[in-house]
Amino acid sequence: MKDSVVVDVKDEGSKISRDIYGHFSEHLGRCIYGGFWVGKDSDIPNINGYRKDVVEAFKEIDIPNLRWPGGCFADEYHWKDGIGPYETRKRMINTHWGGVLEDNSFGTHEFLGLCEVLGCKPYINGNVGSGSVQEMSEWIEYMTFSGESPMSKMREANGHKEAWKIPYFGVGNESWGCGGNMKPEYYADLYRRYQTYVRQYGPDKIYKIACGPNSSDWNWTEVLMREAGNLMDGLSLHHYTVEPTWDNKHTATNFDKKGWYTAINYASFMETLVRRHDEIMTKYDPNKRVGLIVDEWGMWHAVEPGTNPGFLYQQSTIRDALVAAITLNIFNNHSDRVKMANIAQAVNVLQSPVLTEGKKLVKTPTWYVFHMYKAHMDATLLHSTVATSSVSFEDSLKVQAITSSASKKDGVYTVTLSNADLDKAHTVSVTLANLEGKINSVSAKVLAADEMNTTNTFDNPDQIVEKDLAAKVCGDEILLEVPARSVVSITIK
């Protein structure tokens with residue numbers, strides 16, 4: 001049986017925001033320190049303290065935005081501790097992550113400078129859990145006010161005369177959990193209050209993002225949209241593909257067939273989450289003005305053996321790549337509501353696209369998925385239908401073998417596929433329905449692995465890389481043999 005994907009080139013949907021392909025950097029483990037930031041005096045090649053090879057890796061996938069400083073860390077972060085001369089910055093213990101020293105050498109100026117080097121938009125999370133309205137108000141003024149005020153004078157004294165543009169600002173993080181253990185009604189009132197003081201200085205709009213639900217907490221979305229939907233631009237959603245056991249026996253690389261399908265099943269649940277939260281949001285926002293912002297998603301494994309459990313360091317296999325591909329296809333197909341997303345996290349933490357060790361860097365399979373999918377950024381979604389078989393370990397872990405999304409930009413069609421079948425290749429027919437004229441050229445790339453637990457290591461960094469895949473054109477139909485456990489990107493002109 002052939003699997004089929006039919007793309008109707010005349011059935012255009014919403015624009016796929018490039019911000020769906022965003023990333024997340026928290027003061028956690030080696031994401032900031034040793035990841036993005038090594039300091040100007042480091043013997044690791046750097047650009048004013050920013051690790052050069054990490055910067056280059058993220059520029060290669062056209063990073064659109066970067067979220068900071070957390071995560072749970074955001075609600076214990078006091079921004080004035082991270083400005084001014086390094087020797088006067090407050091040293092503290094990072095009580096959330098690893099109990100290690102936080103010297104605040106990476107603060108507001110360093111983060112916004114990193115975004116400038118990366119060429120991406122900053123997304124900052126403010127402190128509601130342990131911070132005051134005044135603190136948040138003054139941070140916004142410090143960053144974005146160009147007139148004369150105590151905060152703008154302080155910014156100038158710290159070496160940055162011009163105001164920055166802050167496109168995205170989150171009012172708290174996980175307020176239902178590590179950000180304060182709040183009830184939705186209480187947080188909704190707090191959000192209404194705090195967002196009032198996220199002032200709009202000048203013509204550049206700040207997109208205000210309210211803390212949304214933990215995975216399938218439908219009531220949280222209901223309350224926030226009912227009580228504060230008119231005062232927000234976006235509502236966050238967090239959902240991790242979490243390992244079912246925490247006994248450290250099942251890690252990112254040590255898993256069996258059941259572990260494979262469990263992860264794919266959990267990742268596929270994102271479709272249900274997006275649809276259901278969208279339905280609730282649409283009750284209060286039928287024009288879909290408020291974006292669903294999935295600013296934490298990805299695989300969460302037990303840490304690699306021998307590493308600090310508070311650093312959340314894990315390897316990445318083709319299983320993680322499938323989770324990324326399936327999730328990004330879902331976001332693309334729901335781009336009328338999903339306006340931004342941030343995989344957790346960028347470097348050395350959870351499902352990182354990039355890992356570092358000393359002077360070495362490795363691109364994980366997840367990095368390659370972002371590289372293969374980047375043509376979708378700011379493209380027009382095309383409606384597509386998929387006919388495929390189900391694959392499973394047990395009936396409770398049944399998933400569809402093939403997922404897909406499609407788009408068009410500048411006269412070029414992009415179709416991305418994932419094959420979650422652990423054991424079998426699938427012959428896939430991709431048809432461009434209602435195409436006027438003929439297909440002039442087709443090229444395809446595939447990301448696959450010989451074994452399900454193969455990784456890119458510092459000694460062997462090219463075990464899993466994208467390669468050319470043969471594609472046969474028959475009229476308006478394209479035939480491909482999609483390998484087991486693989487991700488495919490097709491470019492059609």
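Tutor: Helices (H or I, at least four residues) and strands (E, at least two) are DSSP runs numbered from the N terminus. The model is predicted, with pLDDT of at least 70 required for local features and 80 or more for side-chain atom pairs, while totals for chains, interfaces and linings use all residues. Numbering starts at 1 along each chain as its sequence is written, and side-chain values use heavy atoms, without hydrogens and water.

Consider the loops to begin with. K288 lies between α7 (257-284) and β12 (291-300). Its phi is near 55°, which is positive although the residue is not glycine. With a relative accessibility of 22%, K288 counts as partly exposed (buried is under 20% relative accessible area, exposed over 50%, partly exposed in between; 1.4 Å probe, protein chains only). L350, in the loop between β13 (338-343) and β14, also has a positive phi, near 50°, and is not glycine either. At 2% relative accessibility, however, L350 is buried. Most residues other than glycine have a negative phi, and most peptide bonds are trans.

The loop between β5 (65-68) and β6 (92-94) holds P69 and G71. W68 and P69 are joined by a cis peptide bond with omega of about 5°; another cis bond, with omega of about 10°, links G70 to G71.

Strand β14 (residues 354-357) is antiparallel to β15 (residues 360-363) over four bridges (pairing requires at least two DSSP bridges), and V354 faces K363 of β15.

Next comes the open sheet of ten strands, with mixed pairing, in the order β23-β22-β26-β20-β19-β16-β1-β21-β25-β24. Its edges are β23 (467-468) and β24 (471-474); each has a single partner strand, so one side of each lacks a neighbour in the sheet. Within the sheet, β20 (residues 412-419) and β26 (residues 486-492) are antiparallel over seven bridges, and V415 stands opposite I490 in β26.

Two helices lie across parts of this sheet. Helix α9 (residues 365-373) lies across β20, β22 and β26, and runs at about 165° to β22.

Notes: Contact = heavy atoms within 4.5 Å. Axes fitted to C-alpha atoms, helices over the stretch in contact; angles between N-to-C directions.
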